[in-house]
Amino acid sequence: MRKLELHWQILIGMLLGILFGFGMTQVDWGKGFVSDWIQPLGTIFVRLLKLIAIPLIIASLVKGISDLKDISKFKNIGLRTIGIYIVTTVVAITIGLVLVNVVRPGKGISQETVVKLTETYANDAGVTSKLEEASRQKDSGPLQFLVDMVPDNALAAMSDNSLMLQVIFFTIFLGISMLLIGEKKAKPLKDFFDSLNDVVLKMVDLIMLTAPYAVFSLLAAVVVSSSDPDLLLALLKYAGVVVLGLALMIAFYGVVVSVFTKKNPFWFLKEMSPAQLLAFSTSSSAATLPVTMERVEEHIGVDKEVSSFVLPVGATINMDGTSLYQGVAAVFISQALGFDLTFADQLTIVLTALLASIGSAAVPGAGMVMLVIVLESIGFPADKLAIGLALIFAVDRPLDMCRTVVNVTGDATVSMVVAKSVGKLGKPHVEEWDDHYDEVK
């Protein structure tokens, strides 16, 4: 019997996880059982992906830069990458703002629902921690994001996945320095990183063997920890606007792939589906990065010279889904609490969401920190910020899962466009986990 493709295995695992989680909510001991015996499996899987993220970035980026032989090519790739990321982010925010202004979901929220949501979530630790983090970021100087990019200890940066930009800075510095000392002197170090890159990619293949079971665990845990169904129902219109906007963004990526790379967008989505499903399950672009790189390089055909730079940078600064969500959430909260927004305010949302996405960590929940910064930029009353976050907190996790899918898809799309523009989009070359098994068994 033919083995099911990976994306089907993961999808089946997700569906079974949702059904199992729903079943466990119907029994008294169900939540505790999932928390004690099911959720740890998913946690281990996510930790394994995060474990190899930094080594993969370092090895892949050094290999990509050292293979260029010409620093001007790297500058060309870098400028195109940043430029395209900015354009896609502005498109995402614009789509969100247009939808939320047309549908106006905040006008359908009753005062009773606002009060209930406020009482339930305004003092929640998740809300207060987001407010504190946003306040810390807001108090920093205008060039603090540049300071934060430069590590004072490379090993310390490599020990923290939230410092991915620092790791990228160090690795680019290392790769360029290797080019400048000449091929002969750099060869021993280059051979080391080439070998490390192959080993880490093989680790990705091995970890992915457990993906269907891991997403079962992750989705079951999400379902049993979901909020009050009545509150979720009250926010259905708002959530629907966000999801519709995210779906339109996926369609936009399909058009971009078709027009600029001449590839079938449905083929693109099929090849990226394992990474998308993992992004949905983990809510983390950083955790999904190793899988995204493997799919883009081996299954789509983007050269490592491009993917090794575009994808790690994208996982850190390109958050199209999150930026779209911020535009919708900011206007929704303003509508629900009677805070009128001018056209200038909405332009401010576009600019602030764009800038906030650059400095935001690629971890679950970062979007709400960015949202506080966006709300403060339009003069939203400080004493109502906690209420505003409480309004959307109930559905933040499922929407976080959805917007991470868009973030990852956007990274892959930009890598294809950049690769095509510099002649580095070739034929896929898929490697299986057991390709060299005969040599060691």
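Is Met-203 buried, exposed or partly exposed in terms of relative accessible area? Met-203 is partly exposed, because its relative accessible area is 33%, where buried means under 20%, exposed over 50% and partly exposed in between, with a 1.4 Å probe and protein chains only as cover. The structure is a predicted model, in which local features need pLDDT of at least 70 and side-chain atom pairs count only at pLDDT 80 or more, while totals for chains, interfaces and linings use all residues. Residues are numbered from 1 along each chain as its sequence is written, and side-chain values use heavy atoms, with hydrogens and water left out.

Met-203 belongs to helix H9, residues 183–208, helices being DSSP runs of H or I with at least four residues and strands runs of E with at least two, numbered from the N terminus. The C-alpha atom of Met-203 is separated by 34 Å from that of Val-87, a residue 116 positions away along the chain. According to the unreviewed UniProt entry, the annotation "transmembrane region" covers residues 7–24, 44–62, 82–103, 163–182, 203–226, 238–260 and 349–375; such positions are given in the numbering used here, with shortened feature names, and annotations may be inferred rather than shown by experiment. Within the model, the span 82–103 is 100% helix and 0% strand, with its end C-alpha atoms 32 Å apart, whereas the span 203–226 is 83% helix and 0% strand, with 33 Å between its end C-alpha atoms.

Side chains of opposite charge can pair when their charged atoms come close. With a salt bridge taken as a side-chain nitrogen of Lys or Arg within 4 Å of a carboxyl oxygen of Asp or Glu, the count comes to 13 salt bridges. One of these joins Glu-271 and Arg-295 at an N to O distance of 3.6 Å, and the pair links distant parts of the chain, with Glu-271 in helix H13 (residues 265–282) and Arg-295 in helix H14 (residues 285–300), 24 residues apart. Both Glu-271 and Arg-295 are buried. Lys-304 and Glu-297, which are likewise both buried, form a salt bridge whose closest N and O atoms are 2.7 Å apart. In helix H20, Asp-400 and Arg-403 are three residues apart, about one turn of the helix, and their side chains meet in a salt bridge of 3.4 Å, N to O. Asp-400 counts as buried because its relative accessible area is 6%, and Arg-403 because its value is 0%.

Surface patches were assembled from residues with over 30% relative accessible area and no salt bridge, like charges being joined within 9 Å and nonpolar side chains (Val, Leu, Ile, Met, Phe, Trp, Tyr) within 5 Å, with accessible areas from the Shrake-Rupley method and a 1.4 Å probe. A nonpolar patch of about 740 Å² is made by Leu-4, Trp-8, Leu-11, Ile-12, Leu-15, Leu-16, Ile-18 and Leu-19. Leu-4 lies in the segment before helix H1 (6–24) and is partly exposed, because its relative accessibility is 47%. A patch of negative charge on the surface gathers Asp-198, Glu-431, Glu-432, Asp-434 and Asp-435; Asp and Glu count as negative, Lys and Arg as positive, and His and the chain ends are not counted, the place of a charge being CG of Asp, CD of Glu, NZ of Lys or CZ of Arg. Glu-432 is found in the segment after helix H20 (396–421).
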